Amino acid sequence: MPHGRTRTLILTAALVAASFGGGCATVQPWQRGRLADTCMVFDADGSQAAYMTHWQEAREASAGGYGVQGGGCGCK
Amino acid sequence: MTHSHPATSLPYLRRIVMIAFAVEALIASRPSIAASTPRPTPNVEVYTADGVAVKLNDYKGKVVLIDFWASWCPPCKTSFPALDGLYGEYRDRGVEVLAVNLDERRQDADTFLGSHQHRLTVLYDPKGVSPQAFGVKGMPSSFLIDRAGNIRFTHMGYTNNVDSSYRREIAELLSEH
């Protein structure tokens, strides 16, 4: 059984390999149509969440950083 | 009494995970494209509403503003009428505004366009080949191309300030021969 550095190396390599081989895919900015749908929001009511976010953005004088639709700054 | 082996202790595992993340971040990072560096326009094909292929080099000799947009993207929807106004203002001076739609479902684009009268040229690329070639990093993204076919200015996102930038940049490109 490997010890010390060898074990560290094997574990690191396994973790890197697992993270790449886990079915992850890069979703390009133009491929986010379905993700941008309000039904994809982590809230019971997507429309309500969108409304709340809208007035919150107006109050805070800032937009974006919520969901994937972008706030005009071209954020990813 | 039990003793935990140092190799399986929490700080050890934390170190392993941190190294793994660092290695992955190093591999996954890619250099960003410098927006201010002029580069030739990728001669990719986009499609008209009837499905006719159009090559972007066909517009060489004109000052062209290419905007990549989608109907699901709120700032894109804000920029669309502004771009149409810009086209109306500059078309007589040889400026072409191409709004390249990237909706995966054509129906979504048609619904939006049905409620927004426009004169600018709308082209379609549902497979996203052209934004890939241009190196689009966010939505919307626009590119100003000079008469020689080089990308001279790029914009990501849309605010009212972008509109005044467009005017200044178009004027600069029009003044070149």
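This report walks through a predicted model with chains A and B.

## Confidence

The model scores ipTM 0.71 and pTM 0.71. Chain B averages a pLDDT of 87. In that chain, 85% of the residues score at least 70.

One stretch of chain B needs care. Over residues 29-34 of chain B, pLDDT stays under 50. The model has 1 contact beyond four places in sequence for that stretch. Where pLDDT is low, the predicted coordinates should not be read in detail.

## Chain A

Chain A has 76 residues, and 11% of them count as buried. Its secondary structure consists of 2 helices and 0 strands.

Helix 1 of chain A covers residues 4-20. Its 17 residues should span 24 Å, at 1.5 Å a residue. The end C-alpha atoms are 25 Å apart, which agrees. This helix is hardly covered: the count of buried residues in helix 1 of chain A is 0.

## Chain B: the overall plan

Chain B holds 5 helices and 8 strands. Along the sequence they follow the pattern α-β-β-β-β-α-β-α-β-α-β-β-α. Of the 177 residues in chain B, 31% are buried.

Take the contacts between residues at least 6 apart in sequence: 65% of them join residues at least 24 apart.

## The nonpolar core

In soluble globular proteins, nonpolar side chains tend to be buried together. The largest nonpolar core here has 36 residues. Trp69(B), Ala70(B), Ala99(B) and Val100(B) have the most contacts inside it. Several elements of chain B give two or more residues to this core, including helix 2 (74-90), strand 5 (95-101) and helix 5 (160-175). Strand 4 of chain B gives the most, with 6 residues.

Strand 4 of chain B spans residues 63-69. What does Trp69(B) touch, leaving out residues up to four places away in sequence? Its contacts are Cys76(B), Ser79(B), Phe80(B), Ala99(B), Asn101(B), Leu102(B) and Pro140(B).

Strand 8 of chain B covers residues 150-156 and is another contributor to the core. This strand is mostly covered, with 5 of its 7 residues buried.

Strand 7 of chain B pairs with strand 8 of chain B in the antiparallel sense, over 5 bridges. In this pairing, Phe143(B) has Thr154(B) as its bridge partner in strand 8 of chain B. The two strands form a hairpin with 4 residues between them. In the turn, Gly149(B) has a positive phi of about 90 degrees.

Strand 1 of chain B, residues 39-40, also runs antiparallel to strand 8 of chain B. These strands are joined by 2 bridges. Pro40(B) has Asn150(B) as its bridge partner in strand 8 of chain B.

## A loop residue: Thr37(B)

Thr37(B) sits in the loop between helix 1 (10-28) and strand 1 of chain B. Is Thr37(B) buried or exposed? Thr37(B) has 10 other C-beta atoms within 10 Å. A residue counts as exposed at 12 or fewer, so Thr37(B) is exposed.

How far apart in space are Thr37(B) and Leu86(B)? They are 24 Å apart, C-alpha to C-alpha. In sequence, 49 residues separate Thr37(B) and Leu86(B).

How values were computed:
Residues are numbered from 1 along each chain as its sequence is written. Chains are lettered from A and ligands numbered from 1 in the order in which they are written. This is a predicted model: local features need pLDDT of at least 70, side-chain atom pairs count only at pLDDT 80 or more; totals for chains, interfaces and linings use all residues. A residue is buried if 20 or more other C-beta atoms lie within 10 Å of its own, exposed if 12 or fewer, and partly exposed in between; C-beta atoms are placed from the backbone. Two residues are in contact if their C-beta atoms, placed from the backbone, lie within 7 Å. A nonpolar core is a set of buried Ala, Val, Leu, Ile, Met, Phe, Trp, Tyr and Cys residues joined through C-beta atoms within 7 Å. The expected span of a helix is 1.5 Å times one less than its number of residues. Two strands pair if DSSP finds at least two bridges between them. pLDDT is the predictor's confidence in each residue, from 0 to 100.
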